[in-house]
2 protein chains.
Amino acid sequence: MFNRETYIERRKRLKESVADGIILLLGNVDSPMNCRDNTYHFRQDSTFLYFFGLNYQNLAAAIDVESGEEILFGDDFSMDDIIWMGPQESIKDKAAKSGVTKTMPSRQLSTYVKEAVQQKRKVHFNPLYRAENQLLLQELTGIAPAQQQEKASLELIHAIVALRSCKDANEIEELRTAAAAGYQMHVTAMKMATPGTWEQKIAGTIEGVAMANGNPPSFPIILSQNGETLHNHDHSNILEKGKLMLVDAGAQSTEFYASDFTRTSPVGGKFTSQQREIYEIVLAANNRATELSKPDVTYLSVHLEAAKIIASGLKEVGVMKGDVEEAVKAGAHALFMPHGLGHMMGLDVHDMEDLGQVYVGYDEETRPVNQFGTGALRMGRRLQPGFVITNEPGIYFIPALIDQWKSEGKFTEFINYDRLNAYRSFGGIRLEDDLLITNDGCELIGERIPITPEEVEAVMS
Amino acid sequence: MFNRETYIERRKRLKESVADGIILLLGNVDSPMNCRDNTYHFRQDSTFLYFFGLNYQNLAAAIDVESGEEILFGDDFSMDDIIWMGPQESIKDKAAKSGVTKTMPSRQLSTYVKEAVQQKRKVHFNPLYRAENQLLLQELTGIAPAQQQEKASLELIHAIVALRSCKDANEIEELRTAAAAGYQMHVTAMKMATPGTWEQKIAGTIEGVAMANGNPPSFPIILSQNGETLHNHDHSNILEKGKLMLVDAGAQSTEFYASDFTRTSPVGGKFTSQQREIYEIVLAANNRATELSKPDVTYLSVHLEAAKIIASGLKEVGVMKGDVEEAVKAGAHALFMPHGLGHMMGLDVHDMEDLGQVYVGYDEETRPVNQFGTGALRMGRRLQPGFVITNEPGIYFIPALIDQWKSEGKFTEFINYDRLNAYRSFGGIRLEDDLLITNDGCELIGERIPITPEEVEAVMS
């Protein structure tokens, strides 16, 4: 936890940004794996962590915007709990750590919310991603899970997004720790990428590397020689010489801040000339995006600039053709990069995605683009100092997508379909760094993981 | 997966054990960690795995007991799914692997169930532990989550428990693989148990060892020098010389069968004479339980025999006193062993606990005992060949519990409270093996992890 003044100040600012009513913030409960008591590793809700810092199950909080009263709802432990789970702090002591003085037993939450509803007071809540909390909210407010998303408080969402978007010095320190853990994961993976190695062996090992440092993965590890599948959580292949291993992995700091990096390395340690040619294009796009990222620039424009580097590089290679600007405008490059350049990062790897990506990554000025590829960009709006974003261009050769576009005769003016046969088993390349927007530009978070072909080959040798 | 005849046969037997109606079996969906799309490692429901073997998200099945018809509900993948998740088998192909010929899109499940309800047919379902499935069941049947447990089909529960309780040769092979993975976890932990080492370092490393072999932990690792806390998932301590490290950990085979072992080792590699004295008592209880476990014996009686070994050993040490039989009958030993001797194990580490422990571990003849300690025994009924159970006696010195009992003057005829001061920082010892009941006795599953003090010290040296 940060010091309690941090949490008091954050809640003060939250209260200032919401006009009236009650703010209801639900912490997470344990998630059952294959029975109620066999659970996954507990992960607290990030918004709850942001405002209270309390990493415990079964907590909820209510903030009365008008009176300023803050209440933490939770229960003290029984002797049985102590036998099975060890001595625990009292709910009073937990609350005190985040500067909250009033606590109530969990069963009183229902009465509290019902009273507020009866008094016709507004009860602000977030969209909920855990079904357990959806059920709880239904019990508290009578709103069925299917209606909760649309009844969530936009005022609350905007207030939280405004606060959480800009990271302070303590948060950046945490992000650096998370980055250091991610660095270790990636370098370990590169060193293991020899022909004949089972992907799961590497994925499991780097998960262990992260866990052993107390920095669990911030998202399920993507590691595959079939890097053309964007979120490939299958690790069943045996690495083959001539393939590329794409690893997209990051860790959480002890305060639950994320890192998120992607590197792509040649199985066996040496890039082929074909691989290197494509790799250099992705690297150039990544470097250019870092150069361009600074306050007041929209990330949508940076995304499109990166897309142009990719289209122009692929044109040089002979895979694309025609006018680069036109190709990107039409979305032809999206055959090769069907995703966005990056997303906000913080307490969540896709920061605040639970609140609604459109509120996090877009605003009234910058609206989402309805086009295959750029439509998948999670973060488009103007950058501000303190924003933390990922920069992750990629080039992929996805046989099923190529075949579909080709059969539809799509963008034949920009794509040399006959040249694509040479790339059918290429896989994919993605190179991802984490950027902190500063007052006049941006800086990489953490030491840069080896990224030039020479650096990567040196690690692997 | 096993071959499809296995699944066809299992479902045939299931249909034979349920009189009429529709059996509804829901597979699991992904569990969100901190937003909908950032999920935990997928774990399929064990009963669904048992009858279908299909390790995919978003499946459900209906079995018409009268007509014999079996339907797998699930959806084929879109191009977008292929881009993000890779090429996928069709739902038809998935179904075929478990010998099911009829498939329907997920959205038709609702119509199917509603029709059955309208026709006044019985719809059998299990108690559900995932809130997502509780919400789905509510949508399908109109039964609110809070009422689902009591409306679950006892007939179905009993039929499933009867089938899953006795493990066949293929299942035992899987359990052996899981045991081998658990062996590696434990030996790795023992070797790392040096003074000054962070518990999380060891816990994370052995989680990685398991993951790297494709055998994820079957439950959250318990690893602590405060072994007196029975389910201690906190790994924050730095190991100190003179303490005992208790590790309760196991892995899943590639077909999701579990192992579950506990070992307790002296930090630094040498037991003190006080530790060894208590350790030998627990080991004697473990060995005696293995000797006694065979068909037709109730596991409750084995539990009570193990409790007597513990009470008599503690009497020799001077911590207990009086008549051992009387002490165990009264439950005085439970100050030191407040849990049961073991539980069923199979596809779940606590096998079928989601269906209700009382149906798994007890029957009409052997009823649960309402007494602190023995009341926590999950498995009491008569053993049968093919049952797989854990054997996990322990002795713990839990300061809060000792203080409570002492202040209440509880069992002063059996407990020498004044002798307990010497054990206040002792911690706890548990020694756990996995047993397969054979035709005339039982056998340990997997090579026995080093367990005698000499063996443990040899590993650590």
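A salt bridge here is a side-chain nitrogen of Lys or Arg within 4 Å of a carboxyl oxygen of Asp or Glu. By that rule, the interface of chain A and chain B has 0 salt bridges. The structure is a predicted model, and the values below are computed from it.

**Chain A against chain B**

The two chains meet through 66 residues of chain A and 66 residues of chain B. Although the count of salt bridges is 0, there are 22 residue pairs in polar contact between the chains, both residues at pLDDT 80 or more. On the side of chain A that touches chain B, two or more residues come from each of strand S2 (32-35), strand S3 (38-39), H3, helix H6 (131-141), helix H10 (199-212) and helix H15 (399-408) of chain A. H10(A) supplies the largest share of that side, 8 residues.

The size of an interface is often given as the accessible area lost when the parts come together.

| Interface | Buried area | Share on carbon and sulfur atoms |
|---|---|---|
| Chain A and chain B | about 5000 Å² | 61% |
| Domain 1 of chain A and domain 2 of chain A | about 1600 Å² | 58% |

For the chain interface buried at about 5000 Å², the residues of chain A that lose the most area to chain B are Asn34(A), Ile83(A) and Trp84(A), which together make up 15% of what that side buries.

**Helix H15 of chain B**

In chain B, helix H15 covers residues 399-407, and Leu401(B), Ile402(B) and Trp405(B) are buried in it. Viewed down the axis of H15(B), the buried residues fall within an arc of 100°, so they line one face of the helix. Part of what covers them comes from the other chain: helix H3 (79-85) of chain A is included in that cover. After H15(B) comes Gly409(B), with a positive phi near 60°.

**The two domains of chain A**

Chain A is assigned domain 1 (4-165) and domain 2 (169-460). Their C-alpha centres are 34 Å apart. In the contact between them, 20 residues of domain 1 of chain A meet 19 residues of domain 2 of chain A.

Between these domains there are 3 salt bridges. Asp348(A) forms a salt bridge with Arg164(A), with 2.9 Å between the closest N and O atoms. On the domain 1 side, helix H1 (4-17), helix H2 (46-52) and H8 of chain A each supply at least two residues that touch domain 2 of chain A. H8(A) gives the most to that side, with 7 residues.

Lys167(A) sits in the loop between helix H8 (154-165) and helix H9 (169-192) of chain A. Its relative accessible area is 7%, and Lys167(A) is therefore buried, the cut-off being under 20%. Its side chain reaches the backbone oxygen of Ser165(A) at 3.4 Å. Leaving aside residues up to four places away in sequence, Lys167(A) touches several residues, among them Ile172(A), Leu175(A), Met344(A), Asp351(A) and Val388(A).

Ser265(A) belongs to strand S10 (residues 261-266) of chain A. With 1% relative accessibility, Ser265(A) is buried as well. Again leaving aside residues up to four places away in sequence, Ser265(A) touches Met190(A), Lys243(A), Leu244(A), Met245(A), Val456(A) and Met460(A).

Definitions and conventions. Residues numbered from 1 in each chain as written. Chains lettered and ligands numbered in written order. Predicted model: local features only at pLDDT ≥ 70, side-chain atom pairs only at ≥ 80, totals over all residues. Heavy atoms only, no water. Helix = DSSP H or I, 4+ residues; strand = E, 2+ residues; numbered from the N terminus. Buried < 20%, exposed > 50% of the residue type's maximum accessible area, 1.4 Å probe, protein only. Polar contact = N/O pair within 3.5 Å; in protein donor to acceptor, adjacent residues only side chain to side chain. Contact = heavy atoms within 4.5 Å. Arc of directions from axis to C-beta. Domains from an automatic or database assignment. Buried area = accessible area lost by both parts, 1.4 Å probe.
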